[in-house]
Amino acid sequence: MLNAEIINKRINDTFNKNLESLDYKIVVLDDDPTGTQTVKDLPVYTDWTESLLTDAFEQSNNMFYILTNSRALNTQETTQLHQELSQNIENVSLKLKKPYLIISRGDSTLRGHFYLEPKILNETTSKPFNAVFYLPEFFEGDRYTYKGIHYLKGEDQYIPVSESEFSNDTTFGFESTSMADFIEEKSRGEIKSENVFHITLN
């Protein structure tokens, strides 16, 4: 259990936005329609042709969303979708000489193709990622990751998501409590938990 007041103070003390000085286009791939419902003043695309991506890259915003709805797809369909996405994004980035960052947005209760999607995006691009960051949170819904464990609020206390009903999802269920163990579980041992580096708030 974790006290809500403590974690809220930690988040508020350390959270800071530096988007204004970032010379990258940030591409958010949203795996479920609920995520885009909270987006304000940002373009949202439901297709990812090179023509549409060119339009997105040329917008004045430094961020745009693509609704993939991949949480509703099986493994093969998700793989094909993200291969196409990765190739098209890279082609447009090179054509416009505009670097980019990808945020693969998933469910704050850890349901979805969490390991597969970044893996496919990384394998498809000509310049593999320097790192993949797992940052599960949903501040407005009282869901935070603290000391490597993802929590959600139940009454006046936080409980690990692994102890909630969400971990019993028939498609995306899991047993791991820590994010390091979660990544090992979802990668089926391809990435060992001891090789996951935990970055503290400090």
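Student: What makes up the positive and negative charges of the protein chain, and how many are there?

Tutor: In this predicted model, Lys and Arg count as positive and Asp and Glu as negative. On that basis the protein chain has 19 positive and 32 negative charges, and their mean positions lie 4 Å apart.

Student: Why does the radius of gyration of the protein chain agree with that of a compact globule?

Tutor: The globule rule is 2.2 Å times the number of residues to the power 0.38. For 202 residues a compact globule would have a value near 17 Å, and the protein chain has 17 Å, so the two agree. The C-alpha trace spans about 50 × 35 × 30 Å along its principal axes.

Student: Which residues of helix α5 are called buried?

Tutor: Buried means under 20% relative accessible area. In α5, which covers residues 179–186, M179, F182 and I183 are buried. These residues cover an arc of only 100° around the axis, and therefore lie on the same side of α5.

Student: What covers the buried residues of α5?

Tutor: The cover includes strands β6 (143–146) and β7 (149–154). Just after α5, R188 takes a positive phi of about 55°.

Student: What share of the contacts in the protein chain with a separation of 6 or more comes from residues 24 or more positions apart?

Tutor: A contact requires heavy atoms within 4.5 Å. Residues 24 or more positions apart account for 63% of the contacts with a separation of 6 or more.

How values were computed:
Residues numbered from 1 in each chain as written. Predicted model: local features only at pLDDT ≥ 70, side-chain atom pairs only at ≥ 80, totals over all residues. Heavy atoms only, no water. Charge placed at Lys NZ, Arg CZ, Asp CG, Glu CD. Buried < 20%, exposed > 50% of the residue type's maximum accessible area, 1.4 Å probe, protein only. Helix = DSSP H or I, 4+ residues; strand = E, 2+ residues; numbered from the N terminus. Arc of directions from axis to C-beta.
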